[in-house]
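Subject: Structure handover

Hello,

Here is the structure I promised to pass on. Please open it first, then read the notes below it.

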Amino acid sequence: MRLPVTLGFNDAAAFPCPALTAWLAIEKLPVKAGRRLLITGASGSVGRWLIQLARQRDFHVIAVASEKRHADLKALGADETLTDAEQLDAPVYAVIDTINGDHARKMTRHLGANGHIVCIQDRLEQAAAPAFDRAISQHEVALGALHWAGDDEDWARLVAAGEGLLEAIADGTLNQPAPCIESFTALPAYLAELKRGERRALKFVITANE
């Protein structure tokens, strides 16, 4: 992907996984302006991208995250913020789940007729609803899918989308938090933090040219 001249390599390095994952996820959904879209784990790096991409498509965005993140998520474009999906007052058109397969399965009970569930972590191994019931469409996201089954057109679309998002970061249309830049020697400590479930930044970039 070609980088805008004003975008540094550190910002570019933090971009592909969360941004392209979010783009693949939102592309699964037929765009219906004003329909309610629930995003779980919305304070993570993928979730923050999803909020912005969903607002561009005129969805009504409901973000689920801890209360201390609500102001940030509303600033990104969330129409509503919840601490728990059980606070929903009505069914939603779609859910994009960033947690895991079991959590995604639980979220399907919040879908209305002809709704959509998009899984980013894990997948649903069974149908979300009985046959001829709510007619739920199930989707999964895998960045690696193009390596196994993508053709030239698939790759061209992904590259074009990525370049468009990079341009939007560069001109300020879309927000990407500045990554935490650390040296290669710090990598073991940060990997240990990830294993313990700790996080000091949304995205780390490790420099290896020392």
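In which loop does Thr185 lie? Thr185 sits in the loop between strand 7 and helix 8 (187–195). Helices (H or I, at least four residues) and strands (E, at least two) are DSSP runs, numbered from the N terminus.

Before the rest, two remarks on the basis. This is a predicted model, in which local features need pLDDT of at least 70, side-chain atom pairs count only at pLDDT 80 or more, and totals for chains, interfaces and linings use all residues. Residues are numbered from 1 along each chain as its sequence is written, and side-chain values use heavy atoms, with hydrogens and water left out.

Back to Thr185. Thr185 counts as exposed, at 66% relative accessibility. Here buried means under 20% relative accessible area, exposed over 50%, and partly exposed in between (1.4 Å probe, protein chains only). The side chains of Thr185 and Ser183 are joined by a polar contact of 2.8 Å. Such a contact is a pair of N or O atoms within 3.5 Å; within protein, one must be able to donate a hydrogen and the other to accept it, and residues adjacent in sequence count only if both atoms are side-chain atoms. From Thr185 to Ala14 it is 171 residues in sequence and 19 Å in space, C-alpha to C-alpha.

Next, Gln176. Gln176 is in the loop between helix 7 (152–170) and strand 7 (180–183). Gln176 is buried, with a relative accessible area of 13%. Its side chain reaches the backbone oxygen of Asp11 at 3.0 Å. Leaving aside residues up to four places away in sequence, Gln176 touches Asp11, Ala14, Phe15, Trp49 and Ile169. Contact means heavy atoms within 4.5 Å.

Now helix 3 (residues 45–56). Among the buried ones are Trp49, Leu50 and Ile51. What covers them includes helix 2 (16–27), strand 1 (36–40), strand 2 (60–64), helix 4 (70–76), strand 4 (92–97) and helix 7. After helix 3 comes Asp58, with a positive phi near 65°.

Helix 2 also packs with helix 7, at an angle of about 115° and with the axes 10 Å apart. Axes are lines fitted to C-alpha atoms, for helices over the stretch in contact, and angles run from 0 to 180 degrees between N-to-C directions. Ala19, Leu20, Trp23, Leu24 and Glu27 of helix 2 meet Arg157, Leu158, Ala161, Gly162 and Leu165 of helix 7.

Leu88 lies in the loop between strand 3 (80–82) and strand 4. Leu88 counts as buried, at 16% relative accessibility. Not counting residues up to four places away in sequence, Leu88 touches Arg36, Leu38, Ile62, Leu82 and His110.

Asn114, in strand 5 (residues 111–119), has a phi of about 60°. Asn114 counts as exposed, at 52% relative accessibility. Asp122 has a phi of about 70°. Asp122 is in the loop between strand 5 and strand 6 (137–140), and is exposed, with a relative accessible area of 51%.

Best wishes
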